[in-house]
Number of protein chains: 2
Amino acid sequence: MSTPGRGLHGHVLESLGPAITAGEYPPGSVLRTDELAQRFEVSRSVMREAVRVLESMHLVESRRRVGVTVLPTSEWNVYDPQVIRWRLAGADRPRQLRSLTVLRSAVEPVAAGLAAQHATAEECAELTECALGMVATSRGHQLEKYLFHDIAFHRVILNASRNEMFARLGDVVAEVLTGRTHHQVMFWDPDPAAVTLHVKLAEAVRERDAARAEELTREIAVGALQELDILAP
Amino acid sequence: MSTPGRGLHGHVLESLGPAITAGEYPPGSVLRTDELAQRFEVSRSVMREAVRVLESMHLVESRRRVGVTVLPTSEWNVYDPQVIRWRLAGADRPRQLRSLTVLRSAVEPVAAGLAAQHATAEECAELTECALGMVATSRGHQLEKYLFHDIAFHRVILNASRNEMFARLGDVVAEVLTGRTHHQVMFWDPDPAAVTLHVKLAEAVRERDAARAEELTREIAVGALQELDILAP
DNA sequence: GAAACTCATTGGTCATACGAATTCAAGAGT
DNA sequence: ACTCTTGAATTCGTATGACCAATGAGTTTC
């Protein structure tokens with residue numbers, strides 16, 4: 001799921017990226033390329049490539065005679081999967097999970113409506129299969145297996161929407177669900193109501209009922225928001 | 001609005017990025033770093049930094065003994081503002097505008113609902129000001145000025161939602177509105193109905209009526225979708 | 001025909017040198 | 001005392017050449 005920092009510059013990024021997104025170097029901090037190169041024991045060329053990548057994520061800005069300046073959070077490319085992963089691994093994971101879950105609650109219902117219109121027979125079958133998998137693993141402390149089916153389910157929905165922007169949120173949803181299962185709530189088996197909603201959603205898509213698919217996804221989203229205390233219960 | 005490729009590597013990116021996103025080098029194409037360096041008349045160091053940035057956007061993949069391979073569209077970081085700009089400047093701008101407008105139609109209503117709950121007095125004032133600006137410039141071929149107020153309006157809404165992910169879509173919305181005004185439809189004055197909806201939306205936010213704000217934004221979104229023939233009229 | 005081997009190719013890393021922009025301070029002029 | 005100019009120090013930007021390491025393809029061997 002994650003990109004295992006290939007090459008030396010990748011290794012540097014896996015260390016520097018999380019440090020910056022975690023606020024270890026607050027916005028406005030100034031780093032020097034040479035110093036960083038020494039600290040990480042790499043050549044300046046490698047460090048420069050790493051800085052270029054951070055720059056393309058708008059995490060830092062490189063200026064002559066000044067150095068590498070950490071940019072304010074408002075500049076960061078928060079949709080970059082790598083940035084999302086770094087932040088979810090850091091201290092403000094809860095805050096991050098909330099932001100992303102609200103995003104999900106906006107996007108997924110519309111995506112589900114479109115999926116109901118455009119899903120192929122294969123996708124409908126996959127969806128049903130995932131839903132059944134969720135049912136089968138919803139009891140008895142099989143959280144990992146349940147998570148697997150849950151992720152697959154939402155991925156199929158997003159892909160079936162035939163909208164590129166929605167489809168690319170599959171990774172984000174996967175990270176959110178994983179983060180929720182591993183580090184957040186859900187110490188016990190998943191909410192049976194949520195499982196039922198997924199089964200019904202698979203039905204709605206199969207029957208091409210866009211409005212119902214959208215509404216069911218809204219209910220799933222409400223559940224996810226409540227889990228994070230974003231909505232009043 | 002755009003990043004004017006700073007440095008040599010930036011200049012290379014401004015040329016290579018659009019070429020790749022435009023499909024000039026189809027997925028699977030293999031480029032060689034040295035050849036590219038010669039073509040753009042830069043050193044290998046500079047070209048390597050450019051390739052690293054393209055790699056961080058998942059546009060290409062660099063492998064030993066093979067070269068720099070263009071990745072399939074499904075891998076691209078389509079939420080990267082630079083990638084969005086490159087694609088909007090390319091041949092499939094219409095397709096891109098549709099994807100992004102559908103995304104807007106999903107996100108903005110929810111954002112408006114949150115904005116109604118969280119907007120400060122200053123933001124409410126700004127919103128009203130923008131709406132009035134839109135009214136004032138909605139007639140008499142003042143498309144540029146109208147666009148300015150329209151962008152500002154939607155930016156305020158997204159920021160007032162107090163959700164980081166929504167706020168960062170301000171740039172995307174700006175690009176979509178700009179693209180629509182400059183290259184798409186809208187040869188004449190904007191739809192009066194849309195202007196009215198914006199005024200009402202500013203009202204709803206000021207009155208903290210989240211449900212109405214959400215609904216009004218849905219209507220605005222429907223109009224935007226119809227303009228692109230995504231919805232039946 | 002399959003497995004092991006060799007080799008050419010390409011990116012990966014490093015070290016060094018020089019160029020260019022920009023900040024900061026010192027100094028001249030008013 | 002203040003401003004403007006000038007210069008020097010600093011840091012990134014670029015170029016070059018060398019060598020290393022992985023890997024895909026062709027070749028040999030069994």
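User: Which residues of H11(B) does H10(B) meet?

Analyst: In this predicted model, helix H10 of chain B covers residues 192–206 and helix H11 of chain B covers residues 210–227. From H10(B), the residues Ala193(B), Ala194(B), Leu197(B), Lys200(B), Leu201(B), Ala204(B) and Val205(B) take part in the contact. By class, the contact of the two helices has 9 nonpolar, 2 polar and 3 charged residues.

User: Why is H10(B) described as roughly antiparallel to H11(B)?

Analyst: Two packed helices are described by the angle between their axes and the distance between the axes. Here the axes of H10(B) and H11(B) lie 9 Å apart, and H10(B) passes H11(B) in a left-handed crossing. Angles over 145 degrees count as roughly antiparallel. H10(B) is therefore roughly antiparallel to H11(B), the packing angle being about 160°.

User: How many residues are there between S2(B) and S3(B) in their hairpin?

Analyst: Strand S2 of chain B, residues 60–63, pairs with S3(B) in the antiparallel sense over 4 bridges. Within this pairing, Ser62(B) stands opposite Val68(B). In the turn of the hairpin, Arg65(B) has a positive phi of about 65°. The number of residues between S2(B) and S3(B) is 3.

User: Which residue is the bridge partner of Val30(B) in S3(B)?

Analyst: Strand S1 of chain B consists of residues 30–31. S1(B) pairs with S3(B) in the antiparallel sense, over 2 bridges. In S3(B), the partner of Val30(B) is Thr69(B).

User: In the open sheet of chain A, which strands are the edge strands?

Analyst: The sheet has 3 strands with antiparallel pairing, in the order S1-S3-S2. S1(A) is joined to S3(A) by 2 bridges, and Leu31(A) stands opposite Val68(A) in S3(A). An edge strand pairs on one side only, and this holds for S1 (30–31) and S2 (60–63) of chain A.

User: What pattern does chain A follow along the sequence?

Analyst: The secondary structure of chain A comes to 11 helices and 3 strands. Its C-alpha trace spans about 65 × 35 × 30 Å along the principal axes. Read along the sequence, the pattern is α-β-α-α-β-β-α-α-α-α-α-α-α-α.

User: Which element gives the most to the side of chain A that touches chain B?

Analyst: Between the chains, 24 residues of chain A are in contact with 24 residues of chain B. Helices H3 (44–56), H5 (93–118) and H8 (164–167) of chain A give two or more residues each to this side. The residues of that side divide into 11 nonpolar, 7 polar and 6 charged. With 8 residues, the element that gives the most is H5(A).

User: How many residues surround DNA strand C?

Analyst: The closest residues to DNA strand C are Gly7(A), Leu8(A), Ser43(A), Arg65(A) and Arg32(B). H1 (7–21) and H3 of chain A, together with H2 (33–40) and S3 (67–70) of chain B, each supply at least two residues of this surface. By class, the surface has 5 nonpolar, 7 polar and 8 charged residues. The number of residues surrounding DNA strand C is 20.

User: How many charged residues does the surface near DNA strand D have?

Analyst: DNA strand D is surrounded by 21 residues, among them Thr33(A), Gly7(B) and Arg65(B). Elements giving two or more residues are H2 (33–40) and S3 (67–70) of chain A together with H1 (7–21) and H3 (44–56) of chain B. By class, this surface has 5 nonpolar and 7 polar residues, and the charged residues number 9.

Key: Residues are numbered from 1 along each chain as its sequence is written. Chains are lettered from A and ligands numbered from 1 in the order in which they are written. This is a predicted model: local features need pLDDT of at least 70, side-chain atom pairs count only at pLDDT 80 or more; totals for chains, interfaces and linings use all residues. Two residues are in contact if their C-beta atoms, placed from the backbone, lie within 7 Å. Ala, Val, Leu, Ile, Met, Phe, Trp, Tyr, Cys and Pro count as nonpolar, Asp, Glu, Lys and Arg as charged, and the others, Gly among them, as polar. A residue is near a molecule or strand if its C-beta atom, placed from the backbone, lies within 6 Å of it. Axes are lines fitted to C-alpha atoms, for helices over the stretch in contact, and angles run from 0 to 180 degrees between N-to-C directions. Angles under 35 degrees count as roughly parallel, over 145 as roughly antiparallel, 65 to 115 as roughly perpendicular and the rest as oblique. A crossing is left-handed if the near helix is turned anticlockwise from the far one by less than a right angle, and right-handed if clockwise. Two strands pair if DSSP finds at least two bridges between them.
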